[in-house]
Amino acid sequence: MAGRLLSTRRGVAAARDAVVLPTPASATSGVPAGADLGVPDLAPYQTPNRIFYRIDTALVVPQVDPGNWRLRIYGRVRKPVEITFADLLARPMVERWITLCCVSNEVGGDLVGNARWLGVPVADLLDQADPLDGADQVLSRSADGFTCGTPTAVLRDGRDALLAVGMNGEPLPVDHGFPVRMVVPGLYGYVSACKWIVGMELTGFDDVDAYWVQRGWARKGPIKTQSRIDVPRRGREVRAGAVTVAGVAWAQHRGITSVEVSVDQGEWHPATLATTASIDTWRQWSWQWDATPGRHTLAVRATDAGGETQTAQEAEPYPDGATGWDTIQVTVGPG
Ligand SMILES: Nc1nc2c(c(=O)[nH]1)N[C@H]1C(S)=C(S)[C@@H](COP(=O)(O)O)O[C@H]1N2
Ligand SMILES: [Mo]
């Protein structure tokens, strides 16, 4: 049994190594000029695969052989679809920068990352299946039994919802869903980012609850606007004088329009925003602080393109995402 598991793992790793990713019909650039401020300890614009956060309900990472992989689109559709991995790779691919985040991320937490994904637009596959009216939920099924429920309308509203096969220029890492996963800008992972996906059932939100919804999390999971202070690092002492304060802010598919910092509950100072590939990713920000000796509290808040500023009201991640301002204590020593 253990021997078979090991050989399966080797087989899937070898199959992954053999995948040749197609050239996208619609490509994106590398890290855009000005998107990465290069501040030490600030999360890089592009999160490398090896440090990208992971959330799995499965105790053992599923090993899915792309040679046997099938995606079935079924349920309330006029034309059920079944495609192989080769079929999927032969379809026109798009490449996009998309920031993924977890609903269980605490304010200031690190369950968020930004990658360049390569994949097939979900909308094209749904069009082919031709959903029936009233099929308002796409229930994605993973090879490990996990399910995600995504609003059908969101998948068809023109955003870059992808069935991804590539992450940061390589085939999806096994841990991140090889051979195929879904990625949807603007929704938390638990309602959209199904890894090791093998099925998409068109159904209704009233008919079936997905995995985390059965455990009390919200049916719909649009992401909340968030911002985080990365620099100075928590607990780090700095010298009086010019101190760089920096972090990231995200409001996928709405976009971040401003970030502000406040010292000791004083006035809000506008931070400088880095550039970004699109409204579907986080943005780095920085602010120059003229720090005076003593203990200080720094807080950050972001405003999205809808004009909504993050609320100060603190909420737990459960059941639909944390709110509140990331706040850190900094000790400033003599200059
Ligand atoms: N099969 C499967 N897909 C899954 C999950 C899971 O546990 N199993 N977790 C979801 C959650 S809660 C999130 S936030 C994202 C995380 O994706 P990552 O592990 O690649 O960062 O995957 C989603 N897709
Ligand atoms: Mo998540």
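Predicted model: local features only at pLDDT ≥ 70, side-chain atom pairs only at ≥ 80, totals over all residues.
1. Ground rules. Local features need pLDDT of at least 70, side-chain atom pairs count only at pLDDT 80 or more, and totals for chains, interfaces and linings use all residues. Residues are numbered from 1 along each chain as its sequence is written, chains are lettered from A and ligands numbered from 1 in written order, and side-chain values use heavy atoms, without hydrogens or water.

2. Strands pair if DSSP finds at least two bridges between them. β1 (residues 70–75) runs parallel to β10, with 4 bridges; R72 partners G199. β5 (residues 137–142) runs antiparallel to β10, with 6 bridges; S142 partners I197.

3. Largest pocket. Its volume is about 360 Å³ (the space filled by probe spheres set on the grid points, joined across faces, edges and corners). A pocket is an open set of points on a 1 Å grid over the protein atoms alone where a 1.4 Å probe fits, with protein on both sides within 12 Å along at least five of seven lines; lining residues have an atom within 4 Å of a point. Among the 23 lining residues, I55, F146, G189, Y190 and W212 are closest to the centre.

4. Second largest pocket. This one holds about 290 Å³. It has 16 lining residues, with A43, D110, V112, R228 and D230 nearest its centre. Strand β11 (residues 226–231) gives the most to this lining, 3 residues.

Methods:
Helix = DSSP H or I, 4+ residues; strand = E, 2+ residues; numbered from the N terminus.
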